Amino acid sequence: MLLSLQAATVRFGRRPVLDAVDLDVAEHEVVCVLGPSGSGKSTLLRAVAGLQPLGSGRVLLDGRDQAGVPAHRRGVGLMFQDHQLFPQRDVGGNVAFGLRMHGVPKGERDAETGQLLDLVGLPGAARRAVAALSGGEQQRVALARALAPRPRLLMLDEPLGQLDRSLRERLVVELRELFGRLGTTVLAVTHDQGEAFALADRVVVMRDGRIAQSGTPLEVWQRPADEFVARFLGFDNVVPATVADTVANTPWGKLPVPEGSPQGNRPLLVRPAGVRLVAADEGLPCTVTARTFKGTHVAVRLQPADGGPRLEAACALRDAPETGTEVGTEFDVAEIVVLG
Amino acid sequence: MALPVAFFAVFFAWPVAAIVARGLKVDGTWQFGRMADVVTQPDIRHVLWFTTWQALASTALTLLLALPAAYVFARLDFPGKQVLRAVVTVPFVLPTVVVGTAFLALVGRGGLLDDLWGVRLDTTVWAILLAHVFFNYAVVVRTVGGLWAQLDPRQEQAARMLGASPLRAWRKVTLPALVPAVAAAALMVFLFTFTSFGVVQILGGPTFSTLEVEIYRQTSEVFDLSTAAVLTLVQFVAVGAILAVHAWTVRRRETALRLVDASVTARRPRGAGQWALLAGVLVTISLLLVLPLAVLVRRSLDAPGLGYYRALTNADGGTFLVAPLHAVWTSLEYAVAATVIAVLIGGLAAAALARRDAGRLVRGFDALLMLPLGVSAVTVGFGFLIALDKPPLDLRQSWILVPLAQALVGAPFVVRTMLPVLRAVDGRLREAAAVLGASPWRVWREVDLPLVRRALLIAAGFAFAVSLGEFGATVFIARPDNPTLPVAVARLLSRPGDLNYGQAMALSTILMVVCAAALLVLERLRTDRTGEF
C-alpha cells in the first residue's frame, strides 16, 4: 500500500475530528473522500501531509511510519482548497517552487514548468501574475504546482470547490484523464458527490471523523451503507421499516424488497426512479406538492393522503403531473434498498 | 527566542537594575522607605500628574491630526508621495534638543509667530503638545498607514454591497482591522510623550516637568541618586502597566487579515472630499512639520557664505577633539551597526511571537520588549556605564557600546512594525510551501520574508533613524573624541555665542538631510519589486 492510515485519531480539545480512521490507498489509485463540512476530511489530508499531528494511530507511506517526519520531507503533494498561490510570485515562480526546494537546476526547472503549464492547459503563462488569473486558471496553476515535484501521493482539498459548474464538469474529466495518463496516486476530498463519483476509483464517505462507507462509486451509489450515506447522496426517500423475508412494512404500506435483504427493523431507501406514478385509484394515493426540473427528469414531491412521510419520484419530462394533481404510486423492487 | 531574551537581559535589565541598586542600596541594605517619601512629595506628585495628562493630550492630538494622513498615504496616489513620506518621518529622528529649539524659534519670544502676529506659545502647554505631535506624526502615519495600504479594499466594498454606508463600512470593516495598528501607534506615542525629555526640558521652562526631566535633574544637577532611582522605578511601573493593558487589547483583537499588495490599493483622489482631505493633510504637514524644519535651516544659513557650515570642518580643540563634521561618519557607522543588531534581535523576537502556538510566556515577552522604550534613556545610558565596565563584560572602551544602546531602543520598533504583518500572513501559505518541500527556515525565507519585506524595510528604517537621533543614552556613553551628531549638537548648544548656536543649527540640518536621504533610499528600495528578495 502506498498510503495506510491505522486508527488515525486527531482531537481538537476533547472533540475527535478524526476518530480511529483506517484507510488504504494503493499505487495509481484515485480515492475520493466524500463528506459534509466538518466531517474531518480536510483534517485527514492535513494529517497525511504532516501539517496536523496525530493524537494517536499511524500514517504510513510506502510502509514507513511517518511519525516525526516533517511535512517538507514526506514527498506528498497537497492542493489547497483556495489554492494558496504565493501572491508575490508569478505563475512560473509558483509552479517551479517545489522544484526549487528540491534543488532542481534552473534550466531543468524552466523546461519542467513549461511542460506542466502545457499539461494543465496554460501554455506560456509562466510570466503572468497570479492576481490576474481567473478562478479556473488559479486552479490549474495550483495543480501544476502540486504536480511539479512529482509527489508519490497527490492530495486535493475540494479541488473544484469554487469553480462554476460547466468548468467544474470539464475539469473533472480533464483531471481524471490526466491522472490516468500520469499514473498519479490521488487522495481527494470533496463534499460534492458528483465530483467524487466522476473522479474516483473508490469513494470513502466520512461522517463525524469516521468512515461510514468505502467502495467503488457504483457500489456506494447502489447500496448506501446506512441512512446517513443515503441522505448525504441526496436520497430523501428513507423511512423506518420492518423487514420480514422479501416484504417490508413501512409508513408507505407494504413494499417489496430484494431477496437476501437484511431482516428486522431497519431504514429503507426507495430511489426516486423506483417510485412510479399510476392512476389515482391504484397503489398509495398521493398529492403532488412540487415539481423541480432537473434537466434529464422532473423531481416530483408527493404527499401521501394518509399523512405519511413525503416522498420523491423521478418522472420523465413529459409525464410529470401538475402541482395539486391526485396520483397513485407504486414501488419498483429493483430501486429499493434496505439500509444497514 | 533565546538570543533576544539574552540580549535584553544583559543590555537592558542588568544596567537598569544596577543603577536602581546604586540609588536605593545604602551600605548593603535596601532603603525602600525612600519610595514612599519621594512619591508623596507635592512637587513630585505634580510632576506625575502633568506627565500623565500631557501624554494623553499629546496622543489624542497626534491621532487626530495624523490618522487622516495615514489614510491619505495608504489609499491615495499623488505625485511626490514618497518624498513626502520621508519628509514626514524626518522629525521623528531629529534630536529632541534641536526640535525644542526649533519650536522655540517658531512660537517663542522673537519667533516667527511673535514677529508676525505677536503670538507666543512658549509659556503654554501648547508648545509642548505641538512639538510632541511634530515628533510622533510619523509613528501614526507609518504604523497605521503601512497596514492600511495592504488591507484588501474589497472587504469594504463587500460591506457596501450589504447595505452599509461608506462611513459605516469603514467603521465596521476597516476600523476593526486597523485597531491593532492604531493601538500600537497610540501606545508608542503615549510612551514617547510620557517619557519626553528634550522637548519638555526646553519648552517646559520651570512650570512644566515630566518624570524623565525630573530624573535627569535629580541625576545630573541635584546628584540625588536615590530620588532618581525611585522615579525610575515609578516610571518603570507606569510604563509596565501601560504595556500590560496594551498587550491585552492587542491580543484580544488578533485576527488574520487579508493583505494585498500595497501598490494596488492606492488610487488617484476622486471627488471633492478626497481632494479636500489631501489638501488638509498637506497643509497640516506644511505648518506643523515643514515650518519648524524650515526655520531651523533658515537659522543655519544666517552667517554669510555658509559660515556656520565651514566652521564645522575645523577642529577648534575646545568643544571637540575632532572637527564636528566627523560626527556625521561616526553617527552613520553607529547607526548601521545598531540597525543590524536591532533588526536581528527584533526580527527573531517578532518571528517567535508571531507563531500561533506561541505560549503565554513568549507572549508576555511581547510586552517586555517594549520596556526599553519607556524606561528613561538617561537611566539606561548611565546604567551601561555602571554595569558594563567590569569583567566578564567590560565594554566601556568598546565602540559597540553605543550601537548596543541604540539597538535597545530600535529593536522594539522592529518588533512592533513586523509583528502585525507577520501575524497577518496566512498560515496556509506556509503550509503550502512546506508540503512543496520547504524546510521551516526556507518557508520563512520564501514565504514570510517576501510578504514582510516592506515591513522589514520600514522597521530597519525606523531602527536606523532612531539610532541616528538617539540622545539620552548616547550622551552618557559616547566617547568625547567620537561624538554622534545629536551629542555634538547638544554640546554646541550648551556653549554660548552665535557661532556655536549657528553651528548647532548647521549640524542639525546635516543630520536632518542624512536622515531624509536614508529614508528616501528605503522608500526607493520598497518599490523595487523586481527579482526575488
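Two strands pair if DSSP finds at least two bridges between them. Helices (H or I, at least four residues) and strands (E, at least two) are DSSP runs, numbered from the N terminus. The model is predicted: local features need pLDDT of at least 70, side-chain atom pairs count only at pLDDT 80 or more, and totals for chains, interfaces and linings use all residues. Residues are numbered from 1 along each chain as its sequence is written, with chains lettered from A and ligands numbered from 1 in the order in which they are written.

**View 1. Strand β6 of chain A pairs with β7(A).** The pairing is parallel and runs over 4 bridges, with β7(A) covering residues 153–157. A:L153 in β7(A) is the residue opposite A:V76. In a regular strand the side chains alternate between the two faces of the sheet. On β6(A), A:V76 and A:L78 point one way; A:G77 and A:M79 point the other way.

**View 2. Chain A meets chain B.** Here 17 residues of chain A are in contact with 14 residues of chain B; contact needs C-beta atoms, placed from the backbone, within 7 Å. On the chain A side, β6 (76–79) and α3 (97–101) are the elements that give two or more residues. That side divides into 10 nonpolar, 6 polar and 1 charged residues. Ala, Val, Leu, Ile, Met, Phe, Trp, Tyr, Cys and Pro count as nonpolar, Asp, Glu, Lys and Arg as charged, and the others, Gly among them, as polar.

**View 3. Helix α21 of chain B bends at B:R453.** The bend is about 60 degrees, taken between axes fitted to the seven residues ending there and the seven starting there. Residues 440–469 form this helix of 30 residues. Its end C-alpha atoms are only 37 Å apart, short of the 44 Å that a straight helix would reach at 1.5 Å a residue; the expected span is 1.5 Å times one less than the number of residues. Of the 30 residues, 21 are buried, so α21(B) is largely enclosed by the rest of the structure.

**View 4. B:G347 sits in helix α15 of chain B.** This helix spans residues 326–354. B:G347 counts as buried because it has 22 C-beta neighbours inside 10 Å. Leaving out residues up to four places away in sequence, B:G347 touches B:V414 and B:M418. B:L456 is 109 residues from B:G347 in sequence but 8.1 Å away in space, C-alpha to C-alpha.

Notes. Buried ≥ 20, exposed ≤ 12 C-beta atoms within 10 Å, placed from the backbone. Contact = placed C-beta atoms within 7 Å.
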